[in-house]
Amino acid sequence: MADAALRQSSAPWLLSLPSLLLFVGLLAVPMALTAVLSFHVFEGMRGIQPTFTIANYVQVLTDGYYYELFLRTGLMSLGVTAICVLIGVPETLILAKMRPALQGTFFVVILGPLLISVVVRTLGWQILLGRQGPVNSALLSLGLVEEPVRFLYSMTGVVIVLTHVLLPFMIVAIWSALQKLDGQVAHAARSLGAGPITTFRRVVLPQLMPGILSGAIIVFTLAASAFATPAIIGGRRVKVVTTAIYDEFLTSLNWPLGAAIAIMLLIAIVAVVLGSNRLVERRFKQVFA
Amino acid sequence: MSNKRIDQNGPIALAFHVLLTVFILAPLVVVVVASFSDKDFISMPFDGASLRWYREILDAPELISAFWLSIRLAFASATLAAVVAVPAALAIARHRFVGRDAVMAFLMSPMMIPHVVLGVAFLRFFSIMGWTGSFFAMVLVHALIVVPFSLRLTLAAVIGLERDAENAARSLGASRFVAFRRILLPLIMPGVAGGWVLCFIQSFDEVTMTIFVATPGTTTLPVALYHRIAFLSDPVTTSVSTVMIVGTVVFMFALDRIVGLDKVLIGKK
């Protein structure tokens with residue numbers, strides 16, 4: 001009897017054991033080792049020393065270079081998030097009004113690229129945004145610009161491409177909020193005399209807010225952790241946190257400093273996620289309580 | 001009548017939608033079109049069409065071997081992820097135990113951690129363990145980062161499943177394992193298989209983490225492609241990318257047949 005009860009209570013742990021072993025051995029241990037690495041002393045000639053220091057963190061937190069790096073990455077991610085909201089909200093509402101067959105097709109068109117390698121998508125943009133690429137030829141022949149716009153190796157280009165890469169996540173998040181929305185409420189508002197703008201602002205938008213916020217958190221964190229796109233489109237001119245980590249590890253070979261920047265990035269992202277989750281909870285307690 | 005009016009997209013909405021569709025598809029279309037150029041550099045537009053850059057793939061043995069490495073890596077890591085994630089999904093879906101939420105959060109955590117940070121951690125770990133350049137070690141870390149996808153789809157398949165058939169089998173004398181293999185597994189197979197395909201794609205496409213642990217002998221296709229794109233303009237990248245786009249579309253159809261693409265992409269139950 002006791003044996004059966006014991007088996008019952010140990011069953012979930014036995015079932016989770018293989019995955020937990022994999023995760024402790026290959027996630028918890030390497031992450032802890034990286035945290036330790038970030039406190040090691042690094043000397044240009046002799047490499048990583050067995051002595052400990054907080055100098056790497058002092059450098060990241062006080063050096064204006066790293067301050068600018070994190071600020072640039074934050075502003076870039078914020079910009080991408082804002083554009084994704086501005087495009088994602090209307091597009092999701094448009095999708096919702098489509099006939100089911102068309103809706104299915106356009107879901108595949110909009111979300112399918114998520115499954116195609118980000119390197120391939122970025123290559124497409126590298127060709128499109130080149131000095132003599134199709135976008136610049138179009139802008140020139142339409143007379144919108146006098147001379148080719150420099151998209152490559154500029155923040156503008158990085159933001160455009162990251163928006164393309166991350167927009168599907170925003171649309172998915174808003175779509176799931178929209179599924180919970182009662183379409184009749186919007187009809188009621190309209191039939192009671194509210195114009196389309198008032199209906200959108202006072203009825204539809206507040207109900208979409210949870211979806212927009214969770215989409216914003218996803219897009220912001222993915223933008224701040226993106227590597228291939230800023231590395232290819234931004235190059236050395238637009239350095240962000242991830243490309244700086246890559247350079248410390250594979251070019252300067254200063255692993256302890258690179259590890260310190262990586263840990264700071266992780267902390268910053270966790271802080272943003274937890275902070276915005278609390279904000280969301282507080283706000284919506286006020287709305288729905 | 002008025003209901004119908006607000007239920008339809010107006011001309012401005014449709015124009016917006018068309019522009020957005022162009023924005024989404026343009027980079028993919030341009031890669032495919034540019035791959036048929038006969039010039040020595042990537043150019044759009046071009047005059048002479050040719051299959052030159054497809055023949056060029058066959059003359060680049062390092063791309064071919066990177067491709068097969070990526071395929072083997074994706075196959076092995078998706079399989080390993082399913083092997084560990086399916087029992088974990090059963091534990092989480094069917095048992096109430098202390099630490100259940102923590103186990104779930106732990107197993108989903110690779111989705112929250114930036115892949116650059118994971119890459120750094122694995123690079124350090126591999127160098128300490130002497131695993132640098134080991135294919136097996138790459139399988140382990142790829143499996144780790146795709147487990148959340150397998151777990152999510154398997155969980156969706158297990159939750160809401162009736163236990164009647166399984167209980168009947170058990171009361172008729174089937175062992176736990178037989179009941180699992182003959183009754184439960186076939187019932188959750190669409191979720192497991194869909195998860196496997198999604199894991200395969202995620203592993204195959206992964207570049208940010210892999211770039212840190214890839215060595216000349218263990219370079220995956222996206223990493224090889226990244227190096228060629230970031231440092232030189234090489235038209236063979238467009239033909240390789242076209243092959244990858246076509247391959248992904250084929251996989252998308254497979255995924256759609258197995259579980260439904262909407263379930264995978266939107267997470268609908």
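Is R72(A) buried, partly exposed or exposed? R72(A) counts as partly exposed, because its relative accessibility is 26%. The cut-offs are under 20% relative accessible area for buried, over 50% for exposed and partly exposed in between (1.4 Å probe, protein chains only).

This is a predicted model: local features need pLDDT of at least 70, side-chain atom pairs count only at pLDDT 80 or more, and totals for chains, interfaces and linings use all residues. Residues are numbered from 1 along each chain as its sequence is written, chains are lettered from A and ligands numbered from 1 in the order in which they are written, and side-chain values use heavy atoms, with hydrogens and water left out.

R72(A) has a partner. Its side chain meets that of E68(A) in a salt bridge, 3.3 Å from N to O. The term means a side-chain nitrogen of Lys or Arg within 4 Å of a carboxyl oxygen of Asp or Glu. Both residues lie in helix α3 (residues 64–96) of chain A, four residues apart, about one turn of the helix. Helices here are DSSP runs (H or I, at least four residues), and strands are runs of E of at least two, numbered from the N terminus. E68(A) is partly exposed too, at 48% relative accessibility.

Now chain B. It has 13 helices and zero strands. Its C-alpha trace spans about 70 × 70 × 30 Å along the principal axes. Of its 269 residues, 52% are buried.

R94(B) and E166(B) form a salt bridge, with the closest N and O atoms 2.7 Å apart. R94(B) sits in helix α4 (residues 61–94) of chain B and E166(B) in helix α8 (residues 164–171) of chain B, so the pair ties together parts 72 residues apart in sequence. Both residues are buried. R228(B) and D234(B) also meet in a salt bridge, 2.6 Å from N to O. R228(B) counts as buried at 19% relative accessibility, and D234(B) at 12%.

Last, the interface. Here 80 residues of chain B are in contact (heavy atoms within 4.5 Å) with 77 residues of chain A. The two chains bury about 7,300 Å² between them, 81% of it on carbon and sulfur atoms. Buried area is the accessible area (1.4 Å probe) that two parts lose on being put together, summed over both. Helix α2 (residues 11–34) of chain B gives the largest share of the side of chain B that touches chain A, 14 residues. Across this interface the rule finds zero salt bridges.
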